[in-house]
Amino acid sequence: MADLFENYRLGPGWDEMFAAAGMPRDTYESLHATLQPLSSADLGVRADVLARAFLDQGITFALKGIERPFPLDIVPRIIAAAQWAVVETGVAQRIRALEAFLSDVYGAGEVLAAGVVPRSVVVTSAHFHREAAGIVPHNGVRVHVAGVDLVRDEEGTFRVLEDNVRVPSGVSYVMENRRAMSHVLPEVFASTRIRPVESYPSQLLGALRAAAPAGASDEPTVVVLTPGVHNSAYFEHALLAREMGVELVEGRDLICAGNRVAMRTTAGEQRVDVIYRRIDDEFLDPVQFRTDSILGVAGLLNAARAGQVTIANAVGNGVADDKLLYTYVPDLIRFYLGQDPVLPNVETYRLADPDVLAHVLDRLDTLVLKPVDGSGGAGIVIGSQATDAELADVRARLLRDPRGWIAQREVKLSMVPTLIGNRLRPRHVDLRPFAVNDGSRISVLPGGLTRVALPEGALVVNSSQGGGSKDTWVLAAPMGPAESVPELRPAAPHAEPAPRPDPGPGTTSTQQQQQQQQVGGVRC
Amino acid sequence: MLSRIAESLYWIGRYVERAEDTARILDVHLHQMLADPWVGEDAACRSLLSVMGAPIPDDMPLSAGRVVTLLGLDAGNPSSVVGALAAARENARGARETVSSEMWECLNATWLGLPDARVRVEQQGVHAFFAWVRERCAVLAGLADATMSRDEGWLFLVLGRSVERVDMSARLLSTHARAGGSIPSWLTLLRSCGAWETFLRTYRGSLDDRHAAEFLLLDRLFPRSVFAALSIAESCLAELAPGPGRAGVATDAQRIVGRSRTNLEFRGADELLDDLAGVLAGLERTCSQVNDAVSRRYFRATSAVTWVSEAVA
Amino acid sequence: MNSWRLEILHETGFSYDGQVGASYNEARMTPRDEPHQAVLDARVAVWPAASTHRYVDYWGTVVTAFDVHTPHERLAVTASATVETLPPGDLLAPATWADLASPDTVDRWHELLLPTPRTALDEELTALADEIRAAHRTPHAAALAVCERVHADVAYVAGSTGVQTDAVQAWRQRSGVCQDLSHLTVGLLRAMGVPARYVSGYLHPTPDAPVGETVVGQSHAWVEWWGGRWSGFDPTNGIAIGERHVIVGRGREYGDVPPLKGVYAGPPNTGQGVEVKITRRR
């Protein structure tokens, strides 16, 4: 029987499964033990079942107008309880600091006056929306949902790669991956205590309701606003709406009159209190932003300003996840929270300083260059993998617009075994945990989206760039009293067996016919 | 319920019914055409296209294969079988949090199977394709029945299905009326509705034109009769409408359907059959009026607005 | 002090080639209450009748937002205000070129030092800015020189440009309206490293106007710059800002302070009207 791990080579990044060749780390022992005896054919069959299930359920993302499944790798990624505790604390700390920053830059501007962040960084950010100044959310929350992209460096330390506090997507894959995996690898689920992720929709709904404007009813009306079926994340929008039990609306379903927002229903117009929007700021309100937007709702921003509706996430959050601002987040954590950052950044160069720029230009082929407001891996140049022409091109662009770029050390992302063909091979991964802020507490969903770069050696892990995903298992703390993992109880034995289902008339007559034949048989 | 979602459900109902009925009509008529050596293929094809409201190409003599392409496989035409199924799926995609996951998966899987439709036709013949369509539609109807709660969404789905059924049944009966009663014999008609056996049981083998038309038009118990479909549409509308006032019914749509239903119910079979063409034309008119009235009342203004910017100095 | 009391009636709006079903607008037509200008009364009325919502935007301008859902062929907005204004104060500003170049100042006024679409300069204008800067010992003197230069070289010609015209275009044709002259001045000031802003408001056309007489005035624009403190000047008329000027809003350029802008759904816009009447009451 062929070994799935045949010719599996460690490196160049931190291998999450193996401490040394053939030596699985503690967290992966049980999974390794399950995989080891499987033949590649066995695993292949399960992988096919997994892929088919996703396609039939329409769990897809649209790329250039074509719906594609987001490949789910059959080998999960496992994070130990202690490691997760660091991630959880670090992510929550970061969101708290970013919340404080947003409230500050769209308000008093203390952080600017104190010189912690230069004004130039804020006012030149493409997503600093002056239209959002003066909009004060009722419960103070602007980042209702955040996705913080993390990587593990060569030493296995989690580092923040970027923040997403506009409309982070991907949480639907976290939920669907888990569902699918429990069907194809039930034996590992049985032997491992994995923290569940299915409570996400109810947590999100709780946070959205808590954000309702003053004067809304006790059961505020929440809707999910989608750009429509052609959006790449439409599947997610529909899933969240369905699992929260709220309406999934498009811009054309909403009408804003006299600063009140309502949806058009078969029974007339119905008031809306909270809009979980999955539309970018620029398309949200043609009165304030792009006039040609047919996705948005005219008048929405002023309705929010008047305190009649809550837009979640808030408009203008992009100033906080600008990649240049990212370099200041550790300072923001110290400034607003008086704490040291729990999760370090990746070493990053700001290019506005001519000396730094010159230094960076000298060693482009060893660095990663990122446009400050690109998302989804768009525009990223990895120096070590770029051609001379690409390097020359990025050099010209850096010189033309140093504010538009940052440079980072190339981190060799950590690796997890991944089914490639019929063998397991190490592939680079990142992690996007999702955090929900309800105003009193920031909850981080245990797990998150692990994206895996499928081509060998690839470092950009994105769905639009040949990426797949992995189910991410956070192990329950072994003795954690705080952790309420229910004890497995044997099913209660029935006092007496339930009666048999009623038989239909046909069955009886067949039996009788058989009996008659048997009787006849004996007689002969 | 959101107007846009209600509209989607209504159209899912219509499109799925359209796909199924078109498949049924084509299946039986094509079979008939090929089996009967006295049928002029071109004329029969033209008659069929005209009854189905499809544009009739003038450039060449029509063949059964061409009709299958136009009414069966043309993905760009929402009145073809393939087009209607694709349109139903597109509507469900926009209403995905409202239709049950099982219904969505069924529609989606059907849609994923459509690219193979042509291959299926070529390899196994049209009958196999139409049988597959009927089966998928039946699965879908079954899942809707088993998994949708009987709320507004359900009512719009059934309303759409019933309105489409009235429309398609009227067209089906027209194939007979237009062809002068010979080409698609009543046997064909009854078969295409899946009503052959029921009819035989009901009329105990006395097969004649009037009985067949009466059955398809007026039978209270057979679910594909025009009368039954109109009655279902009427009860859906009644449940959707606000409580009636003291006089009459509350909505235009109820009035239109009610008038049409009573017309069938109380005019008497003989009188109706003497004026069959007029009655059928009236039914088709009813369908389009109901469609308009329902859209006006329940689906108002669900299209996107294009904004123009303006400023003065 | 010789303050004036000015009563302003500003009527504007749009007309359409048919019925408009819905429209959303924002009017920036309310004078600011500030040390050199006291607003005694200010209101904005809309026809067809609509409820209005008032807020103060990022730039400190009072905005009246409203939406109209009754079908209409004409939209009218009327702003009326009574304002007390003061004659020009002293214009002195203490900052040196070195002060303006200090990192703190550059950062503090960063967004008022950057070009915007309507205030960006070409090479010729940038060279002009450098030349004027080199010729003056203080930023304040250079700023006044820029204003004089624009006033002298660019003719005020009503209707010679549109809302979208930029500074370079106005300079090339050596003509424009108050908006263009202000954009040009602001652009030159910023190119010299002087933080500058665009001001929108009203101007009473007559010096020493008689009390009680109603005259046709206009929406107006002028500039302000930072030289250790804010100073203003009206490059269109070549005068200091005084009792004839009423300030409504400030921003980087026109785009930050349009008197009325919005979106509507319906047939083409066939016209827009603006009429400003000003009466000196004291």
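1. Two strands pair if DSSP finds at least two bridges between them; strands (E, at least two residues) and helices (H or I, at least four) are DSSP runs, numbered from the N terminus. In chain A, β13 and strand β14 (residues 310–312) pair in the parallel sense over three bridges. A:V274 has A:T310 as its bridge partner in β14(A).

2. On provenance and numbering: this is a predicted model, in which local features need pLDDT of at least 70, side-chain atom pairs count only at pLDDT 80 or more, and totals for chains, interfaces and linings use all residues. Residues are numbered from 1 along each chain as its sequence is written, while chains are lettered from A and ligands numbered from 1 in the order in which they are written.

3. Strand β13 (residues 274–277) of chain A also pairs with strand β8 (residues 222–225) of chain A, in the parallel sense over four bridges. Here A:I275 is the bridge partner of A:V223. A:V274 and A:Y276 point one way from β13(A), A:I275 and A:R277 the other way, and all are buried. A residue is buried if 20 or more other C-beta atoms, placed from the backbone, lie within 10 Å of its own.

4. Chain A also holds an open sheet of four strands, ordered β15-β18-β16-β17 and paired antiparallel. Its edges are β15 (348–350) and β17 (381–382), each with a single partner strand, so one side of each has no neighbour in the sheet. β15(A) is joined by three bridges to strand β18 (residues 405–409) of chain A, and A:Q408 in β18(A) is the bridge partner of A:T348.

5. Confidence in chain B: the mean pLDDT (the predictor's confidence in each residue, from 0 to 100) is 84, and 92% of the residues reach 70 or more.

6. The A/B interface: 23 residues of chain B are in contact (C-beta atoms, placed from the backbone, within 7 Å) with 22 residues of chain A. On the chain B side, α1, α4 (81–94) and α5 (101–113) each supply at least two residues, and α5(B) gives the largest share, four residues. By class, this side has nine nonpolar, seven polar and seven charged residues. Ala, Val, Leu, Ile, Met, Phe, Trp, Tyr, Cys and Pro count as nonpolar, Asp, Glu, Lys and Arg as charged, and the others, Gly among them, as polar.

7. The B/C interface: nine residues of chain B are in contact with 16 residues of chain C. Those of chain B divide into six nonpolar, two polar and one charged. Strand β1 (residues 308–312) of chain B pairs with strand β14 (residues 260–265) of chain C in the antiparallel sense over five bridges; B:E310 stands opposite C:G262.

8. Chain C comprises six helices and 15 strands. Its radius of gyration, taken over C-alpha atoms, is 19 Å, which agrees with the value near 19 Å for a compact globule of 282 residues under the rule of 2.2 Å times the number of residues to the power 0.38. The C-alpha trace spans about 60 × 45 × 35 Å along its principal axes. Buried residues make up 47% of the chain.

Note on methods
Contact = placed C-beta atoms within 7 Å. Buried ≥ 20, exposed ≤ 12 C-beta atoms within 10 Å, placed from the backbone.
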